[in-house]
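Take a look at it first, and then we'll go through it piece by piece.

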2 protein chains.
Amino acid sequence: MKSYLDMSAPELAAELAAVRAAYERLKAVPRKLDMSRGKPNGAQLDLSMDLLRQDPAWLTASRKGTDTRNYGELAGVDECRQLFADLLDLKPENIIVGGQSSLNLMYDCVVWALLLGVCGGSRPWGQQGRIKFLCPVPGYDRHFAITQQFGVEMINIPLLPTGPDMDLVRRYVEADPQVKGIWCVPKYANPSGVTYSDETVRAFAALRPAADDFRIFWDNAYLVHGFGDEDDHLLNIFDACREQGTENMVYEFVSTSKVTFAGGGLAALAASEENVKFLLKQMGVQTIGYDKVNQMRHVRFLRSAEGIRAHMKKHAAIVRPKFECVLQTLDREIAPRGIAHWNRPKGGYFVAYEGLNGTAARCVALCKEAGLVLTPAGAPFPYGKDPADSVIRIAPTYPDLPDLAAAIELFCVAARLAALEVLTAAK
Amino acid sequence: MKSYLDMSAPELAAELAAVRAAYERLKAVPRKLDMSRGKPNGAQLDLSMDLLRQDPAWLTASRKGTDTRNYGELAGVDECRQLFADLLDLKPENIIVGGQSSLNLMYDCVVWALLLGVCGGSRPWGQQGRIKFLCPVPGYDRHFAITQQFGVEMINIPLLPTGPDMDLVRRYVEADPQVKGIWCVPKYANPSGVTYSDETVRAFAALRPAADDFRIFWDNAYLVHGFGDEDDHLLNIFDACREQGTENMVYEFVSTSKVTFAGGGLAALAASEENVKFLLKQMGVQTIGYDKVNQMRHVRFLRSAEGIRAHMKKHAAIVRPKFECVLQTLDREIAPRGIAHWNRPKGGYFVAYEGLNGTAARCVALCKEAGLVLTPAGAPFPYGKDPADSVIRIAPTYPDLPDLAAAIELFCVAARLAALEVLTAAK
């Protein structure tokens with residue numbers, strides 16, 4: 001098979017005609033496929049049904065005797081703080097258990113910083129003119145939506161195989177006091193699958209921000225979501241920060257959205273004890289406490305960090321074949337044509353497909369016309385603008401395997417067609 | 001028995017000595033009593049244990065086929081929106097089901113208004129200098145804490161037996177564009193027990209605010225929480241607003257915190273369809289959705305507005321004897337002394353005790369020294385400042401009946417002592 005990049009104009013024209021015909025044939029068959037969001041499949045949700053089959057008496061009393069059905073325990077019941085602390089190799093005092101959405105906790109942290117300021121900061125972010133956030137790209141669209149909603153200027157930072165370009169991060173953070181934060185998904189990053197190297201994590205911990213109120217938003221969404229033979233290693237950023245005396249610089253976020261239920265799980269925030277005390281004071285005005293019955297439900301069902309890791313092996317068994325399907329098809333259909341590259345993640349929820357410049361939006365549109373919904377091109381970038389129009393986020397988990405196979409076949413045809421259109425126009 | 005107000009100086013001195021001795025005897029017995037917060041008692045929480053005993057299969061699929069365990073349904077599952085709509089005599093399109101705390105929904109609404117603005121408003125509240133909220137007093141301390149946290153100027157509005165002084169409200173709202181909101185608990189108000197009259201509700205609906213972004217925060221926390229022979233009637237404010245074309249002016253809040261579990265219930269926001277659409281757009285950046293499994297749990301357990309009302313009769317049977325205990329003791333120990341008056345609520349969670357000026361903080365301190373925790377004096381007022389130092393919020397629900405009886409006996413002795421100290425000093 002010949003790479004498209006090596007084809008002559010007549011060869012390209014012939015291939016274009018052939019691929020267009022193939023696309024039209026696929027399009028003629030009505031279908032409704034969705035690879036747009038990082039959603040668990042029903043089979044994954046079924047793994048946690050015992051969460052809902054528990055003796056009520058076990059849910060209503062915490063270890064220290066709190067009636068979980070009543071008000072109180074702003075930071076969460078002790079055993080649930082302990083569970084997340086064990087998972088993150090921290091202390092319960094570092095944990096605030098929230099509601100069911102880690103995104104909501106991140107949003108709240110941004111809101112508090114904007115309106116009230118952060119621990120050690122001299123003024124609220126919102127009183128300092130136009131502030132900035134660094135955004136490693138490609139990244140998570142819902143992160144960028146938060147800072148966009150509040151008018152925060154977002155700056156693209158290239159994501160390397162080791163994590164964000166730390167020279168660039170350091171330059172921005174240490175020179176510009178208007179830079180107040182950075183969005184990170186440090187393990188199996190959304191959508192690139194990259195896990196930050198130890199050196200990168202240490203470089204984060206060693207930052208000396210120009211601002212007195214800079215925060216790293218460390219969204220550890222996929223910390224136990226490996227599905228490969230071996231798990232990526234991520235250094236505990238708080239260990240690195242402790243060496244540098246910079247523990248207050250980090251807010252870490254986790255959730256059980258893709259451990260138990262995306263529509264009924266738990267989220268948690270991890271931070272230095274000083275930050276936790278400060279944040280609880282702000283949070284205490286917002287609520288009397290989150291759902292403690294659901295906290296107990298999770299403690300009883302997941303039991304321990306070890307229990308969580310064992311449970312995640314069951315997820316991996318479901319998720320892994322889907323990634324294999326996607327990667328094998330890409331290897332077969334796209335690799336020989338030389339029109340794209342992509343990551344081979346050992347965990348997480350995404351494959352980031354990087355095609356030729358100027359083909360991503362077209363490819364997504366072609367898929368949509370033929371009945372396959374993808375994440376909008378550009379979504380993994382601030383303001384939805386992919387400067388090269390080349391990256392497409394593929395989310396293999398939600399469809400059943402036969403649907404997924406059909407979806408990725410269609411995707412490959414659309415991707416080839418989009419590439420051929422660009423290549424023939426260029427000749 | 002002679003009123004303290006009619007006593008001569010020698011009579012007062014003798015009474016002071018006697019009551020002080022009684023107080024010291026009580027104080028000598030160690031006790032730990034709590035009448036500080038409007039918390040349900042364990043027996044009330046036991047009424048909802050079937051919430052936790054349900055067939056898991058009934059919780060995971062909504063009527064329209066949504067897998068509630070997965071992401072989505074930002075405004076809540078249809079049948080849960082319907083449940084709250086029925087309860088409030090509105091349409092499902094008027095309802096957003098939130099997490100487990102209505103306070104959190106109120107907080108979010110204030111935050112969105114500050115940072116992003118409200119539907120129809122020209123600018124965010126936060127960009128308009130020092131803004132103001134009207135605060136009917138006595139009121140709910142956690143409302144006032146939100147506006148205080150954000151530096152909103154709070155203005156006391158006297159609460160009359162018919163609701164807030166609407167002449168004063170109208171004057172502020174219609175003259176001053178910096179007045180952006182008012183905190184209301186329209187039924188069995190916290191702590192006064194007042195239910196707003198139809199005329200008051202209509203006067204709210206007829207307001208013509210000077211600001212284009214004024215909102216009424218209508219915290220209908222006790223809408224089904226009557227325990228008397230008959231329930232107070234509260235006019236549906238949206239009906240009144242519809243006549244006036246002012247539906248966008250109101251955010252209504254409810255929760256099941258005192259229906260099912262305070263630590264694992266549901267909250268909802270009700271608003272005009274236009275407001276709901278606008279708010280969902282803001283909210284969609286904050287979260288992908290709230291806990292839908294818990295929504296289904298509540299739908300299955302409570303079933304209907306009728307089901308909720310039937311369930312609340314069981315609460316009433318537990319709560320009513322506690323209020324009778326408090327009121328009978330106050331009638332016996334305080335009324336003949338002429339040193340205070342209080343409401344006789346037919347629902348809600350509080351008795352508002354109004355003693356002589358300058359006695360509330362002292363009475364609370366005396367109780368505390370003797371082992372009884374009360375809500376801090378001043379709490380029902382903005383900034384925690386009761387101008388007359390006369391109001392104490394009594395929360396009878398949490399203690400068991402014998403503890404409550406002991407607590408209110410102690411309270412009466414402390415109240416008499418505080419009154420006598422003031423009266424003897426004045427002679």
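A quick definition to begin with: a residue is buried if 20 or more other C-beta atoms lie within 10 Å of its own, exposed if 12 or fewer, and partly exposed in between, with C-beta atoms placed from the backbone. By that count Asp89(B) is exposed, since 12 other C-beta atoms lie within 10 Å. What you're looking at is a predicted model, where local features need pLDDT of at least 70, side-chain atom pairs count only at pLDDT 80 or more, and totals for chains, interfaces and linings use all residues. Residues are numbered from 1 along each chain as its sequence is written, while chains are lettered from A and ligands numbered from 1 in the order in which they are written.

**Two domains in chain A**

Chain A is assigned a domain 1 (4-44 + 310-426) and a domain 2 (62-303); the bounds come from an automatic or database domain assignment. Their C-alpha centres are 31 Å apart. Across the boundary, 24 residues of domain 1 of chain A are in contact with 26 residues of domain 2 of chain A, where contact means that the C-beta atoms, placed from the backbone, lie within 7 Å. On the domain 1 side, α11 (305-333) and β13 (391-394) of chain A each give at least two residues, and α11(A) has the largest share, six residues. These element names follow DSSP runs, with helices being H or I of at least four residues and strands E of at least two, numbered from the N terminus. That side divides into 15 nonpolar, five polar and four charged residues. Here Ala, Val, Leu, Ile, Met, Phe, Trp, Tyr, Cys and Pro count as nonpolar, Asp, Glu, Lys and Arg as charged, and the others, Gly among them, as polar.

**Where the chains meet**

Now for the two chains: 44 residues of chain A are in contact with 44 residues of chain B. On the chain A side, α2 (42-46), α4, α5 (141-149) and α10 (292-302) each give two or more residues, with α4(A) giving the largest share, six residues. The chain A side is made up of 22 nonpolar, 15 polar and seven charged residues.

Helix α4(A) (residues 102-115) also holds Leu105(A). Is Leu105(A) buried or exposed? It's buried, because 26 other C-beta atoms lie within 10 Å. Leu105(A) and Phe253(A) are 148 residues apart in sequence, yet 7.8 Å apart in space, C-alpha to C-alpha.

**A helix with a buried side**

Have a look at helix α12 (residues 360-369) of chain A, where Ala360(A), Cys363(A), Val364(A), Leu366(A) and Cys367(A) are buried. They sit on the same side of α12(A) because they cover an arc of only 160 degrees around the axis, the arc being that of the directions from the helix axis to the C-beta atoms. An α-helix has 3.6 residues a turn, so residues three or four places apart point the same way. Among the elements covering those buried residues are α1 (9-28) and α13 (401-426) of chain A. Ala414(A) touches Cys363(A), Leu366(A) and Cys367(A), among others.

**Strands in chain B**

Over in chain B, eight strands form an open sheet with mixed pairing, in the order β2-β9-β8-β7-β6-β3-β4-β5; strands pair if DSSP finds at least two bridges between them. The edge strands are β2 (95-97) and β5 (163-164) of chain B, each pairing on one side only. β2(B) runs antiparallel to β9 (residues 267-270) of chain B over three bridges. Elsewhere, β11 (residues 351-355) of chain B is joined to β13(B) by four bridges, also antiparallel. Both faces of β13(B) are covered, with Val391(B) and Arg393(B) buried on one side and Ile392(B) and Ile394(B) buried on the other.

Most residues other than glycine have a negative phi, and most peptide bonds are trans. Here are some exceptions.

| Where | Backbone value |
|---|---|
| Val137(A) to Pro138(A), cis | omega near -5 degrees |
| Asn190(B) to Pro191(B), cis | omega about 0 degrees |
| Tyr383(A), positive phi | about 60 degrees |
| Asp89(B), positive phi | near 55 degrees |

Pro138(A) is in the loop between β3 (132-137) and α5 of chain A, and Tyr383(A) is in the loop between β12 and β13 of chain A. Tyr383(A) counts as exposed because it has 12 C-beta neighbours inside 10 Å.
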